[in-house]
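Let's read a structure together, one feature at a time. Bring your questions and we will work through them.

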Amino acid sequence: PFDVLVVGGGPAGASAAIYAARKGIRTGIVAERFGGQVMDTLGIENFISVKYTEGPKLAASLEEHAKEYGIDIMNLQRAKRLEKKDLIELELENGAVLKSKTVIVSTGARWRNVGVPGEQEFKNKGVAYCPHCDGPLFAGKHVAVIGGGNSGIEAAIDLAGIVSHVTVLEFMPELKADSVLQQRLYSLPNVTVLKNVQTKEITGTDKVNGITYVERDTGAEQHIELQGVFVLIGLVPNTDWLAETVERNRMGEIVVDRQGATTLPGVFAAGDCTNSAYKQIIISMGSGATASLGAFDYLIRNY
Ligand code: FAD
């Protein structure tokens, strides 16, 4: 069996596996797609100590670093079930069952898409999902934020300090964000809030040049010229496959303690699939290290 079996090959999983392998214990990674969300990222400017890198390049470095320690990387394999017997058993979609003394779940999350024409086409060409990551790229420009919940309004407030103008589009007749955020938003001079509107299309040529929406009460179609669209309608953790094995919060995020331990002894979790307050590469790597040291601590106490 493995000593530490990591599920997920993004920044959290790679970091967890490297920390484990450096203890000289048997470590494996099962990943549906090694690199994770980083593979979908173009420029990365907030991975501290690296001024600029690109997603696929960072993913390649993660893999190279992991291979340095002889970690068994099982790429293109999806975990579908976890069960604790004497050991922890991880069943893969292909039917194989892997056994390990500890498991670190780092299956990440995915941004919910609005699913309108132009969204896929202009990803990384004006369509963005992370204001902390991509906000500065739109300095002095006009951008839209789709989504009037907490994440959308936080993004709008954040972006208003960088860009020339922010237009918020909310599908419902009212914003869902906390009232303190709404007050802050409405106090800003360069923000327009459109409620009860449905985004119809993100337009562009080689990059985004506008957004088309429908006023839901009148049915009238409107178009605004702008250069960026931030989609903030929810981040969904990839944790459904865990069912009831570990505690998850109402968003589906795995609840972890300060050592990265879940409610099931021997199972740890890290990164965007957990209830961490913020979802970033550097934060995921830190929590991967935490979970790994937590798992090592568990091993020396229980085996
Ligand atoms: P992920 O990167 O999501 O990795 C999850 C891993 O688990 C993947 O290998 C996946 O294939 C695997 N997996 C999922 N389900 C299963 C399963 N059932 N079985 C096996 N494997 C599974 N952050 C920054 O700090 N700076 C940026 O500039 C930045 N830009 C971003 C741009 C975009 C477009 C996106 C989408 C995100 C960006 N982020 C950025 C956020 C950052 O990518 C994430 O916070 C980070 O990747 C989370 O790491 P993670 O390891 O927790 O999860």
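The dialogue below looks at a helix pair, a ligand shell and a sheet in this predicted model.

Q: How do I describe two packed helices?

A: Two packed helices are described by the angle between their axes and the distance between the axes. Here, the axes of α1 (residues 11–21) and α2 (residues 55–68) come within 9 Å and cross at roughly 20 degrees. Angles under 35 degrees count as roughly parallel, and α1 and α2 are therefore roughly parallel to each other. Their crossing is left-handed.

Q: Which residues of α1 and α2 make the contact?

A: On the α1 side they are P11, A14, A17 and I18, and on the α2 side L62, H65 and A66. By class, this contact has 6 nonpolar residues, 1 polar residue and no charged ones.

Q: How many residues surround the ligand, and which are the closest?

A: The ligand is surrounded by 38 residues, and the closest are G8, G10, G36, G108 and G271. Sorted by class, the shell has 17 nonpolar, 15 polar and 6 charged residues. Helix α1 returns here: α1, β2 (27–31), β9 (109–111) and α6 (281–302) each supply at least two residues of the shell.

Q: What is the strand order in the open sheet of 5 strands?

A: The order is β10-β17-β11-β12-β13, with parallel pairing. At the edges stand β10 (127–128) and β13 (191–194), each with a single partner strand, so one side of each is left without a neighbour in the sheet.

Q: How many bridges join β11 to β12?

A: There are 5 bridges between β11 (residues 142–146) and β12 (residues 165–169), and these strands run parallel. To find the pairing by eye, look at H142, which stands opposite H165 in β12.

Definitions and conventions:
Residues are numbered from 1 along each chain as its sequence is written. This is a predicted model: local features need pLDDT of at least 70, side-chain atom pairs count only at pLDDT 80 or more; totals for chains, interfaces and linings use all residues. Axes are lines fitted to C-alpha atoms, for helices over the stretch in contact, and angles run from 0 to 180 degrees between N-to-C directions. Helices (H or I, at least four residues) and strands (E, at least two) are DSSP runs, numbered from the N terminus. Angles under 35 degrees count as roughly parallel, over 145 as roughly antiparallel, 65 to 115 as roughly perpendicular and the rest as oblique. A crossing is left-handed if the near helix is turned anticlockwise from the far one by less than a right angle, and right-handed if clockwise. Two residues are in contact if their C-beta atoms, placed from the backbone, lie within 7 Å. Ala, Val, Leu, Ile, Met, Phe, Trp, Tyr, Cys and Pro count as nonpolar, Asp, Glu, Lys and Arg as charged, and the others, Gly among them, as polar. A residue is near a molecule or strand if its C-beta atom, placed from the backbone, lies within 6 Å of it. Two strands pair if DSSP finds at least two bridges between them.
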